Amino acid sequence: MSFYPETPLLSVAELTAHIKALIESDEVLADVAVRGEISNYKLHTSGHAYFTLKDEHAALSCVMWRLNVAALDFQPEDGMQVIAYGRVGVYERQGRYQLYVEDMKPAGLGELYLAFERLKKKLETEGLFDPARKRPLPRFPRAIGVITSSTGAGLRDILTIISRRFPPAQLYVIPALVQGADAPPSLIAAIKLAEKFAKLDVLIIGRGGGSMEDLWCFNDEQLARTIAACPIPTISAVGHETDFTIADFVADVRAPTPSAAAEMVVPDRAELLQRLRAYGERLATALEGRARQAEAALQGLLARRCLTHPEERLDRELQTLDELCERALRAVLHGNELRARRLASASAQLLALGPQQVLNRGYSIVRRAEDGAIVRSIKDIEPGARADILVSDGELESQITAVKERRR
Amino acid sequence: MSEHEELSFEQALKRLEEVVQRLESGETSLEESLRLFEEGMALKKLCTEKLERARAAIKKLVESQGGTIEEQEFDVSDLSAQE
């Protein structure tokens with residue numbers, strides 16, 4: 001029974017559930033970054049951490065689950081200024097709203113990180129990281145631009161690796177500052193210079209490893225926009241594998257390190273030389289196959305219609321042809337292309353000479369009608385058998401009336 | 001062969017790939033096959049030579065006062081000396 005009939009009567013659980021639903025459906029509360037000082041930090045034996053974030057005016061209960069605590073790269077302590085990221089939820093049992101902290105940074109670093117995330121989100125929303133914008137790198141770059149400090153070990157690694165892997169490439173170093181407040185305008189000027197030079201077909205922008213602050217210039221918004229707008233395909237190569245900068249997101253390709261950029265920008269010479277050798281072998285094999293095929297076709301032709309009256313000159317020609325084919329193959333195998341070409345054209349001429357020429361000169365070929373076998377001798381056929389006689393312009397069907405041996 | 005001298009490495013390699021494929025198709029005459037073989041070997045030689053050249057040329061690009069771009073010699077050994 002309610003004292004106030006107009007007012008709905010709820011259980012504590014019902015009211016709390018309502019509040020929880022309200023809070024947890026709020027978009028802002030679902031993903032917040034809160035700055036404050038840690039107090040009452042307690043790491044429970046379960047591994048979960050419980051603490052309060054406070055400033056002069058308010059306090060906020062916080063929970064951080066074991067896995068998130070384990071992922072922290074610093075040790076939280078009371079009195080420490082931090083930025084905590086997470087969502088606000090309600091713990092019904094104690095009727096308490098609290099921040100479920102997913103990640104936390106010491107405030108100084110945290111602010112840099114926050115600026116980074118803000119810029120990243122902004123550029124991402126503009127579509128600057130869109131995979132569709134990314135251009136493929138040229139397979140065999142002719143002119144490679146390298147924008148970096150002209151004194152760093154990173155540059156030496158890049159130059160050494162590229163000139164070792166792919167000597168046909170021409171390398172252009174464009175010196176720039178890669179650290180400090182003057183670095184972004186210097187890097188931007190270097191990119192503009194590369195664009196103006198107009199010969200480069202790929203551009204590496206980067207520097208060797210350093211602290212987060214050292215690498216910070218690669219998170220500059222104007223630099224990011226210049227990289228995104230650069231007509232030359234770009235590779236970012238900043239710091240170590242674990243360092244990510246805005247430049248990495250806008251570049252066409254991110255290389256984990258400057259050395260890795262050098263390795264991905266050019267193909268490997270050893271691999272290419274091997275491929276070239278393989279091509280050479282395939283050429284020789286294919287040509288040999290082609291020559292053998294021609295030879296086989298010729299042999300087949302000769303075997304089928306081989307001439308019944310071996311005549312001295314023809315014999316000589318056939319022998320020559322055999323020799324030529326042999327020599328053509330040998331020439332090919334030894335890469336003696338000129339000789340092979342001469343021999344092949346001689347072969348072609350002989351091929352043209354062929355049986356038809358012989359038939360034209362008045363010789364004919366006799367074949368048994370029953371099986372088409374060529375009659376070379378009186379022993380090959382008997383009187384009464386049917387025979388086909390091949391002459392220059394057709395065939396004569398005939399019957400053998402008599403067989404006589406030629407007198408010697 | 002002189003027709004190939006102006007080719008870039010990439011163009012020469014691409015042409016070589018075409019030549020190999022065409023020759024392997026077995027559809028060419030003996031005469032054409034020999035011509036392709038010759039061309040292919042010349043391209044292979046060209047590519048190999050380009051790859052075996054001792055080292056890539058390295059230059060430094062600098063913008064002068066007047067806004068023109070200068071290509072300056074760049075010596076990698078200087079780089080090591082500076083460290």
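Okay, so a definition to start: two strands count as paired if DSSP finds at least two bridges between them. Helices and strands themselves are DSSP runs, H or I of at least four residues for helices and E of at least two for strands, numbered from the N terminus. With that in hand, E37(A) has K54(A) in β2(A) as its bridge partner.

Quick housekeeping. What we have up is a predicted model, where local features need pLDDT of at least 70 and side-chain atom pairs count only at pLDDT 80 or more, while totals for chains, interfaces and linings use all residues. Residues are numbered from 1 along each chain as its sequence is written, with chains lettered from A and ligands numbered from 1 in the order in which they are written.

Let's look at chain A. It has twelve helices and 13 strands. Of its 408 residues, 26% are buried, and by buried I mean 20 or more other C-beta atoms within 10 Å of the residue's own, with exposed being 12 or fewer, partly exposed in between, and C-beta atoms placed from the backbone. For contacts, the rule is C-beta atoms, again placed from the backbone, within 7 Å. Take the contacts in chain A with a separation of 6 or more: 62% of them are between residues 24 or more positions apart.

β1(A) and β2(A), residues 49-54, run antiparallel with five bridges. Then β4(A) goes on to β5(A), residues 96-106, through ten antiparallel bridges, with G89(A) opposite Q98(A).

Where does that lead? Five strands of chain A close into a barrel, in the order β1-β2-β3-β5-β4, with mixed pairing. From one strand to the next the twist averages 55°. Helix α1(A), residues 12-24, packs on the sheet and touches β4 and β5, its direction making about 135° with that of β4(A). Those angles are between N-to-C directions and run from 0 to 180 degrees, with axes as lines fitted to C-alpha atoms, for helices over the stretch in contact.

Now the cores. A nonpolar core here is a set of buried Ala, Val, Leu, Ile, Met, Phe, Trp, Tyr and Cys residues joined through C-beta atoms within 7 Å. The largest one has 50 residues, and I144(A), V146(A) and I204(A) are among those with the most contacts inside it. α6(A) gives the largest share, six residues. Leaving aside neighbours within four places in sequence, V146(A) touches residues including L155(A), I158(A), V173(A) and I204(A). There's a second, separate core of 20 residues, which includes Y279(A), L283(A), L287(A) and, from the other chain, A12(B).

That brings me to the interface. How many residues of chain A are in contact with chain B? It's 46, against 38 residues of chain B. Of the chain A side, α10(A) gives the largest share, 14 residues. That side splits into 29 nonpolar, eight polar and nine charged, where nonpolar is Ala, Val, Leu, Ile, Met, Phe, Trp, Tyr, Cys and Pro, charged is Asp, Glu, Lys and Arg, and the others, Gly among them, are polar.

Note on methods
Two residues are in contact if their C-beta atoms, placed from the backbone, lie within 7 Å.
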